[in-house]
Amino acid sequence: MQYEFNQQELNIIQKALKDLLEVGITEPQENYIRNIDAGMSEEEATTVYSNENKQYWKRMIDDEKNPIFSLYNRLFGPLF
């Protein structure tokens, strides 16, 4: 099965998937806040967050086989 979408339709799909993914704060987001609160520089905390977030996405796609993460990754490119 193959579909073709215009950019507006892809933007709608992307927004809908993002809304489904953002049901709460993720572990990498929580760690980012804690790192800033603990005195880590924003630049260093962002680097740590980026690495942790990539691992989180990888786990959600490869290990937990979360269909929403997998679909987002398939449609809008790998995040790791």
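**Salt bridges in the predicted model**

At a relative accessibility of 33%, D62 is classed as partly exposed. This residue, in a structure that is a predicted model, forms a salt bridge with K58, and the closest N and O atoms of the pair are 3.1 Å apart. K58 is likewise partly exposed, its relative accessibility being 36%. Both residues belong to helix α3, which spans residues 42-63; because D62 and K58 lie four residues apart in this helix, about one helical turn separates them.

A search of the whole structure identified four salt bridges, among them the D62 and K58 pair. Side chains of opposite charge can pair when their charged atoms come close. In helix α2, formed by residues 27-37, R34 and E30 are placed four residues apart and are therefore separated by about one helical turn. R34 forms a salt bridge with E30, in which the closest N and O atoms are 2.4 Å apart. E30 has a relative accessibility of 30%, a value between the limits of 20% and 50%, and so counts as partly exposed.

A further salt bridge joins R59 to E64, with a separation of 3.4 Å between the closest N and O atoms. R59 is partly exposed at 32% relative accessibility.

Methods. Residues numbered from 1 in each chain as written. Predicted model: local features only at pLDDT ≥ 70, side-chain atom pairs only at ≥ 80, totals over all residues. Heavy atoms only, no water. Salt bridge = Lys/Arg side-chain N within 4 Å of Asp/Glu carboxyl O. Helix = DSSP H or I, 4+ residues; strand = E, 2+ residues; numbered from the N terminus. Buried < 20%, exposed > 50% of the residue type's maximum accessible area, 1.4 Å probe, protein only.
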